[in-house]
Amino acid sequence: MTNVATGIPGVLSIRHLPGLREVSRQDLQTLLDTAQRFREGLDRQENFPKSLAGVSVVNLFFENSTRTRLSFETAQKKLGASPMNFTTSGSSAAKGESLRDTARNIESMGADVFVVRHQSAGVPQFLAKHTKAVVINAGDGACEHPTQGLLDALTMRQHLGDLAHREVAIIGDIRHSRVARSNIWALSTLGARVRLWGPATLLPRSPLAFGPSVSIAQSIEEALEGADAVMLLRIQHERQSSGMLPSLREYRQSFGLDHSRLKLARPGALVLHPGPINRGIEVVSEVADGAQSVILEQVTNGVAVRMACLHLLAGKNP
Amino acid sequence: MSDLRLLRGFCDLGAAFGEPGSEQAETIKSGLRAAARGGYSALALEPFTDPPIDTDAQVQLVLTRAQGSSCRILPIASAAREKGTLSEMTLLREAGAVGVSLGDTLPRNIAFLRSVLEYATQSGSTVFVHPSEASLSDEGMVHEGEVAERLGLRGIPVDSETIGLGILLPLVHRTRARVHLSRLSSRSGVEMVRSAKASGLSVTADTGFRHLLLNDHAVEQFDVNHKVFPPLRGEDDRQALWEGLLDGTIDAICSMHRPVSAEMKNAEFAASPYGAIGLETCFASLVTENGRTIPQVELAQWEQWLSHHPRKILGLAPIEAEQEGTWWDFEATWIPSDSTLVSRSRNCPEMGRALSPKPVSLCRNGHEIALP
């Protein structure tokens, strides 16, 4: 079957996107190929076929988000949807309503698609089980952030081509990072190898959990040595008050990326960051804004990836 | 075809019901009915209801509510009252409490823990506790291991149990308290209890039946019915629990019966309370897996772990099956479902799975009587 909107075969074997861990290589390729078409369309400022016209999309954001929500909304509008937004900073339980009731109430107003962000891992699977809507995860606790993983993979693929046997370093708070997990799953499935590094208190405690493609480095030098791409994770300030990090000064000194450290990576290695950046902490400004940085490309690719997910999971062929 | 066998009534070392406070989840009557249908004729009841069972009057109330049931109830009272004061252990014992409990974690104040043990020794009360250290277990949800790492869920490390034991065991040695370690879950924990017993400490221990059947992979798809405390641990821990059971380090198998109403349980993983019901499915689940995913165990051995040893720990006289037993059909299968379970709660991981044997009837003083 050919999808008219993109002119490429566009069928996924999955109905929801709770994460990338269980997404097959073929589905990943389809998502990335479709996203690439959308990205090219965005660059040419094309009008897109309105495959989401008449599809009711609800953005359920139980946790603060600016860029992910805006990115999803942009993607939805470009495909002809009129999204509804449900935003709450506290959990639904704090208001006395269960998540199940909240979701089923909104579903009853008519919702074909839920884009959900929640502070608890497993919420996308929970919604997929308890509602009839297509569920796309926009971040669940420390578990997954699949569209971020896809946009990172797309960005790397645009510069590096096939990601098989590529070496990717992820540096920072791995333990609490859904971005790291989604990247780990996508990159492993696509054949890349991943090295993890960060403060001992923020590294995985079970190094074998992620399979043979993923290793924990022994030093920042080992993590960066010959890497094709370096991904820096945002450091959360509350890690200091919870006793996991002494200071941002020490973090910058031990884990921050500057020019001299970047030289350890392969010449021209990509620098990625999911944002928002703590400038001068995870990465110095000269590197974040430098020639090897693809941080702003990630943002544009984010819209293309979310268009691809929505289109393939919920779009109607025009 | 049927294969009927009469087994001694089982005895559980720590089930929880919801009365008072959460009667929608389980009343004393509904819980005892579930127990009888699981082959139990006696059951030690945990005190952490709302309000908790921490006075002699409440112990008497529990006993009164249980009258007329096919399963005898033995209330465990709370070892502490609000604000970290000792409960009236002597009055509680005289009212019928079979012991006192510290619950799922050790008190943060170790000096208070020592007081509990000292006072319990003098008043002749057995202290029940799952020895986990609270600061290591408080924020976790599942076993700290590869599954937790993959799912990004906060883990409960084995260290929480070993450090709990490391705090508790020297105090048991010093105070000579009689302590029952509930719901042992880890290899390191088993090893510590093994050497404590070898050194002559008066401790006994149990483990939950699902900890003998399953490991932490059971939560890999966020199945809330497998969210229990202590958590289902790694495969190596499960194997060690069997080693401990077979060499006598672990004395008994418990149901870990924790009813939670559907309204509470059917929430996202983080918001879903710990607990699964287990009285009705404990024995049938074990026998269904006998010689498959667990070692081959003879019926007489199950009776040791499910009846003799728990009764001994609670100070009850041994029984014969004719006097207090259950008829089971080892050729029949049954499927836990809304229509077969009698517990008021449905947080049952075995829901929909075919189990064997099936309870047929009760035997009391030589007379066959129907299942309640």
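So, B:Cys363: buried or exposed? With 5% relative accessibility, B:Cys363 counts as buried. And keep in mind that this is a predicted model. Which cysteine sulfur is closest to the one in B:Cys363? That's the sulfur of B:Cys71, but at 15 Å it's too far for a bond.

Okay, on to salt bridges. How many are there over all chains? A search of the whole structure gives 35.

Here's one inside chain A: A:Arg178 and A:Glu63 pair up through their side chains, 2.8 Å from N to O. A:Arg178 sits in helix α6, while A:Glu63 is in the loop between β3 and α2, so this pair ties together parts that are 115 residues apart in sequence. A:Arg178 counts as buried at 12%, and A:Glu63 is partly exposed at 22%.

Now put that next to A:Lys77 and A:Glu73, whose closest N and O atoms are 3.5 Å apart. These two are both in helix α2 of chain A, four residues apart, so about one helical turn separates them.

Over in chain B, B:Asp138 makes a salt bridge with B:Arg108, with 2.2 Å between the closest N and O atoms. Each of them lies in a loop, and the pair ties together parts 30 residues apart in sequence. B:Asp138 is partly exposed at 45%, whereas B:Arg108 is exposed at 57%.

Last stop: where the chains meet. On the chain B side, 16 residues are in contact with 22 residues of chain A. The area buried between them is about 1,700 Å², and carbon and sulfur atoms give 53% of that.

Between the two chains we count three salt bridges. One salt bridge joins B:Glu144 to A:Arg205, at 3.1 Å from N to O. The side of chain B that touches chain A has six nonpolar, four polar and six charged residues. And there's a network of salt bridges linking A:Arg21 with B:Glu146, B:Arg150 and B:Glu220.

That's me done, thanks!

Definitions and conventions: Residues numbered from 1 in each chain as written. Chains lettered and ligands numbered in written order. Predicted model: local features only at pLDDT ≥ 70, side-chain atom pairs only at ≥ 80, totals over all residues. Heavy atoms only, no water. Contact = heavy atoms within 4.5 Å. Buried area = accessible area lost by both parts, 1.4 Å probe. Salt bridge = Lys/Arg side-chain N within 4 Å of Asp/Glu carboxyl O. Nonpolar A, V, L, I, M, F, W, Y, C, P; charged D, E, K, R; others polar. Disulfide = S-S within 2.5 Å. Buried < 20%, exposed > 50% of the residue type's maximum accessible area, 1.4 Å probe, protein only.
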